[in-house]
Amino acid sequence: MTRRDAISLMLVGAGSLFAQASEAESQRLVLLKVDGLGADLLFQTMQEINPATGKSWCPWLTQIFSNNGVIFDNFYVRGISLSAPSWSMLDTGRHLLIKGNVEYDRFTGRVYDYLNFFPFYLGYARSHEVDMPSVRVLDEAGVRLLSDQFTYHQRYQSFQLFQRGVRWKTLQHGLERRFSTSKLLSLIEDPQGGLGLEEGLAKQTEEELLRGLRNPDIFYLDLYTGDIDHAGHSINDPQILRLELQKLDSLAGKIWTAIQASPLASRTTFVMVSDHGMNNVPGIYSQTFSIPDLLNSPAGGAHHVVTNRHQLSDYKIAGLDPLVSRVVNPSTASLYLQGQANDYPTAWLDLDGNERAAVCLRNSDLNRIQILLQQLSRTDLAAPLRSAATAYFRELLDSKQHSWSETIRELGAELDELGRAITSRQAELKDQPKHWPERLRRQGLDKGVRRKQSEMNSWIEERRRYQEYLDHLAALLELRPDGITPLRVGTEHIVPPRSLGDHNCVFDIQNYVAGPGPAGLVIDERGRLDETKSFYYVDYFPLLAAQTVRNVPQREVSSAPIDFMLMALPPGRIPANFADRSSPLTQAIWLYGDDEHQLVELVRYDAGEMQIRVLPIARLRQSKDGRVSWNDQAWGPGFPLRLFEDPNLAVPDAAGRASWLSAWHSEREWFQAIHHCRYSNGVIGVTEHLLPPSQSLPQRPGINPLLQRLELRRRQLVQADFHIFATDHWNFNVRNFNPGGNHGSFFRISTHSVWMMAGPSIPRGRHIREPHDSLNFASTILAGAGKQPPMPDRVVDFK
Amino acid sequence: MNRHPVKIGIMMPGFASSVMAGFLLISGLAFSADFPTRTPASWRQATPHTASSYHWAITPIAGGGAELLTLFGRFDGLGQLPAADNVPLVAVLRDTLSDPNPDNDRLRYVYLLTLNRPNLGQRVLSAVPFFYWRIGDGNLSTSKNPPKPLLDMSDPRRHVWTRLGHDLVQWTTLDPMMMPVRASSHAYRTNLIDHERLHIEEALSFLRQAPADSTGKALTRPELDSVIARLTLAKNLLGGLMNDGHLLRVARAREVQRTATIGRNWELLRTSAERAGLIFEPLHLGDGASQYAVLWFPANGSFSAPGISLKTTWKLLHISNPWRDTRLNPVSRDASAGGMGMASGDGHAQQVLPEWKGYRQERYLDASGRLLPRGQTGPAKVTLVPLAVYSLTYPRMPLLLVDFRSAMHTKWREIFQRTRDDAITGVLGLSHFSNWYYYAGDALYQFIRSRRGTAMDQDNRLDCYSEFRVAVALNRSLDPDFRQELQHSIQMLALNPLEASPEREVAMARANYQALENAAGNPDRLPVRLEKDRRKELAAFGESRRWRLAQNTLHYMTLGAFTARVPRNDENDAMLDRDRRTESLIRYLREVADSGVDPEVSFDAVQIRNSMDELASLVDNVSSKRMHNRAVAVVEKLQSEFQNEALRANCARALLAMNAGATEAAAVNDKAPKARALVPPAISGKVAFEAQ
């Protein structure tokens, strides 16, 4: 059977499955979402026997899923093993649009802080917000949540990252539990025990879920718990983690028992899923490497660094402020931006990076422009130097003319359309009631209106800030120094503040302008500005790869904290011999270990099927004109992802693994070959993580093309320049040290997650050994529930 | 935070100068007492590491029915003791009723064998306000009497009432008196409470490392956890009021907190060391994860951190920048050069740090610059000077315990805070009640300071100090000269006149153990006390909180003359066995019932069935209606939770048996005799009310 036949069969099967489900009664879905639960930890605990009872340490999970349901033995996160991206895929069944726990708009500096609940609660209380920031992003992109497939009164959703609305009553009752007489007495007896507010809320949510199960009108219920994740980050003691698992087991037992007693017992599917695992090994502390410190240093570019939280070691009272989403960490050695940290932070980091960090740097040419403007504002600049610098400046602006003009034109058109949308929305909302009757509130209509109001407010602010950016760009393009008179002091502020500008390409990252040269501007023998000597450059990837740490007292931990870097390459610039006209490359990805150990991963589609090829290379460079070149390498140990030397690489012919690795293979073939490897499905994960938004953003029917384009631009503007992945047992946290363990990488221990199902329509006692990933999840369970799967080709037919 | 609320007293200005003069005089004396002449430690080669280990030994009580479990620690070559000797540390009396059934075992007294009773001189000094020194090493004399129990597991509330009673006396009687009386009584109380807390933490530090098993040769894990929980709660004023049912939860929560704190502080200190160009090394002073760490200064290196402000790092580390210390980093060396240099070749050791007279170590680095363990050689040699030792168990930040460059650094911190507190409560007499605004402001001030990186919590600091002093005293794996340095620093930290040196305490342990063994073997000592406590337990079985409160009130109002006990009877042991097993069974079945619906999934059905049957048979003979009702309630709850028909039927049978017994019990209770007085023996001077 050819691949095409297999795909066709799968599609037909999925279609028929879907059709059958549609005809049958709708199924009720009950989801237990467990953040940070690693499959290895759970399965091992389920198998071990508690000597006191003679039963499994997790008897309920064993009973429900192992004996009476389906367990996906090899279920993995697709992409990086981080909460916000991972839950976004699990909750939507779509390719990633959210790629980090925090993202920044390069043009406006807008912070998308997906993990911070407090601003959302405050906004909700003030009727400004309705949904968590992550949900708003998906709404703007036209991506539906899993729960959106059910009507407002058919669903019960607990507090979680991808949350719609806030149930104040739950919070209220949860707090009241903690302020009972017995709890207060307990606090007096044991003040260190605290009030346990989180526990109270969890208990209240649990009760509401169990109550909701008795209601035959509710067809979707979920309960999210982050307890395992919190415990795993702090502690790696197996006994303590087992206690947490026992609590989870007990919770699953209560839910299952309530399902059996509910009126819809014969139509309910109980699902347990986790978003990622945890790199948590007994006896080994996870160690932190500070990327802000490196970027603050002159060697790292002397950046003023933006993070979304205060660093813990700063010990600031301001660190307690739950509304903070943007913190500037100034460099004391800034080469040209001393005292301007708040206006010109040039490196923005996703700090909750765990085992990985996303790095956004200001466009290298903007740095160059600002340096030149500073120099041209000096009154003591020698005439030949001024002339040379002015000429260089003009050439630089000329090189930007086309792209910036295009940006101004296109974004300007999008903003105009946005303006019309704002006007239209204002008219629509003008006559909406300020106070809603209970009947309509119960249908969620008030929230629908508030959602639109919130979106409109966001548009207004966004329009203003994008316009501001465009004004700066336009002003820059119009700036023509005469080369004789110094520019007015402060002219450099024409460079857009709190903005990073366009993305940096590989050439920029390899020749990043971090400041003026040691001798300032220098002219060459031809009287032109000597570009090489006039600026201070940083080549980031070798710099990062060479980092070592002295204080590594744990012998098991390497002194090199950085494993590899990841960056997208322009597919159109890959050497022609790797591209095929009939199947052009859709993605090209660069993985950098060191100068001699790099990988290029190429992606194409052949007859609608994704194919991947991985090549070992060395010394990849991008020239100024954009061409990418490298030296070919032979497969051997030491390349990123460590595929060649991994004993668990399951290729058909073990002797020919080098040739296998370098050949084109389908996603499925790769998955089956690598999922047991140390880096699990990393080869697929990198393609997902760097998937261009143009390929993941769905086309919204009926939307104005300009607004669709604006949405695409938003998603493109939050893409990082490059990503850094930590070596095993290292992390990049600088706020909440997580010595117990971390996640975010492609290590199997971090990506191997949990997916288990049980119910009348689910086979009993089955273990699915075929590897699957988070893109399969939502489509499979929605199809089983008689709903439209977002990606029918991802439905797993395990019946 | 002040612990002792006082009322406003009368300030006598004329007295203040006298106090100050006295303070200076005593300080001078203490200074000379507490600061022995030191000779610089000579540098020696590392000694081989010897590990310590803990084990339990069992001593039966005369007359049987109970056993003394003593935790020993094995510390090679310990001071005056023979090499590889065992030191008795903590003893726990387990009341077993002479049978192998663990369900009727109860823990009673917990003894800290390293406890050194203060002598009269120490007590007098502890009543002197603003006197913050330990004179000498402690009480030299040994007593034939065993040490007082640190905790009575069967009556944890007694400690609460005792302390509340003392506080009441302080507030109502002593505080309104003259300022000298108020100040000295406060000083004494504070020192006494700190002394007690110090020893509780000492006991906890031993017990945390104690092994546990269910063979009967050691405390079981739940028993050990309950002792740890009770001791931990004993540090809180009202902690003794917590019910036994919550102990395991408290123990687990504390363990989780502690483990998380250690990990977090470990990493915080390591990253701070990395930022500041220092070398971080965990310090293993006991079994398990290291709770301490030392920061070293690499003498023959240089450091710069351009781009980063280290202000907050030095603040967190609470030490002055060593790179600017000319004793460590002579001015002639160019400190602005980047990178970390490494020593090259021998002969540099003597030339490096000519002005540093303190301890130093020659160590080696591996090829990537990592410090190798002591005793291992590597490609690069480095001379290390210890800067500081930190405890990793202090909440939220590593706690500076020893500053090698400033002997009095940590002591001044303690003195300053104590002086302030003593002045507020003892001298000025500010009360928590009438001057609440001061304390509210103080709490806010302390909160802000602590969030900004200052270790403000005195109690937690005391706990860290307590653990550290004992850990150093018992450790033999450290380099002896380094250990001597640490011991000297610990001496400096001793603030409490009631305290004895850790070495003295360890030396006293054997004598205390011997005295305890003698008391256990003497039928007129420990067995008598045990017998009385058993009768008290019988009297309290199944009684309500109100009854207990009334009995406790009477007991304290009569200054201990009244204690409710059942009369001596040959059947007492059997009754106790029945009562305890009933309690244990109810607790177990309650745990099963609280697990939720279908408990048979999580628990062994046979064990549940057997437990219910046994409970039904025992409850028949239980005199307490309350216990009977509790037994019925728990079985009824189980019946509603079980899905399994056989188990539900079991529940029904048990309920039937219990309800039949209830009818008889009601008839018996109506005829139950009331308690009446018994003439006390002349020797004890106490009055006991016992039912005939």
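Trainee: How many salt bridges does the rule find across the interface of chain A and chain B?

Mentor: It finds 2 salt bridges there. We're looking at a predicted model, so local features need pLDDT of at least 70 and side-chain atom pairs count only at pLDDT 80 or more, while totals for chains, interfaces and linings use all residues. Residues are numbered from 1 along each chain as its sequence is written, chains are lettered from A and ligands numbered from 1 in the order written, and side-chain values use heavy atoms, with hydrogens and water left out.

Trainee: Why is the pair D366(B) and R555(A) called a salt bridge?

Mentor: The term asks for a side-chain nitrogen of Lys or Arg within 4 Å of a carboxyl oxygen of Asp or Glu. Here the N to O distance is 3.7 Å, so the pair passes.

Trainee: What else joins the chains, and what does each side bring?

Mentor: Across the interface there are 20 residue pairs in polar contact, both partners at pLDDT 80 or more. On the chain A side, α3 (59-67), α8 (181-189), α11 (238-261), β11 (287-288) and α12 (291-296) each supply at least two residues. α11(A) gives the most, with 5 residues. By type, the chain A side divides into 23 nonpolar, 21 polar and 9 charged. Counting contact as heavy atoms within 4.5 Å, chain A puts in 53 residues and chain B 64.

Trainee: What does the buried area between chain A and chain B come to?

Mentor: About 4900 Å², with carbon and sulfur atoms giving 55%. Buried area is the accessible area (1.4 Å probe) that two parts lose on being put together, summed over both, so that figure covers the two chains jointly.

Trainee: Where does R155(A) sit?

Mentor: In strand β8 of chain A. Strands here are DSSP runs (E, at least two residues), while helices are H or I runs of at least four, numbered from the N terminus. The 7 strands of the open sheet in chain A go β8-β9-β1-β10-β27-β4-β28, with mixed pairing.

Trainee: Why do β8 and β28 of chain A count as edges?

Mentor: Each has a single partner strand, so one side of each is left without a neighbour in the sheet.

Trainee: How do you know that β1 and β9 of chain A are paired?

Mentor: Pairing needs at least two bridges found by DSSP. β1 (28-34) and β9 (220-225) of chain A share 6, running parallel, so they qualify. L31(A) stands opposite D222(A) in β9(A).

Trainee: Which turn residue of the β21(A) and β22(A) hairpin has a positive phi?

Mentor: G626(A), at about 100°, with 5 residues between the strands.

Methods. Polar contact = N/O pair within 3.5 Å; in protein donor to acceptor, adjacent residues only side chain to side chain. Nonpolar A, V, L, I, M, F, W, Y, C, P; charged D, E, K, R; others polar.
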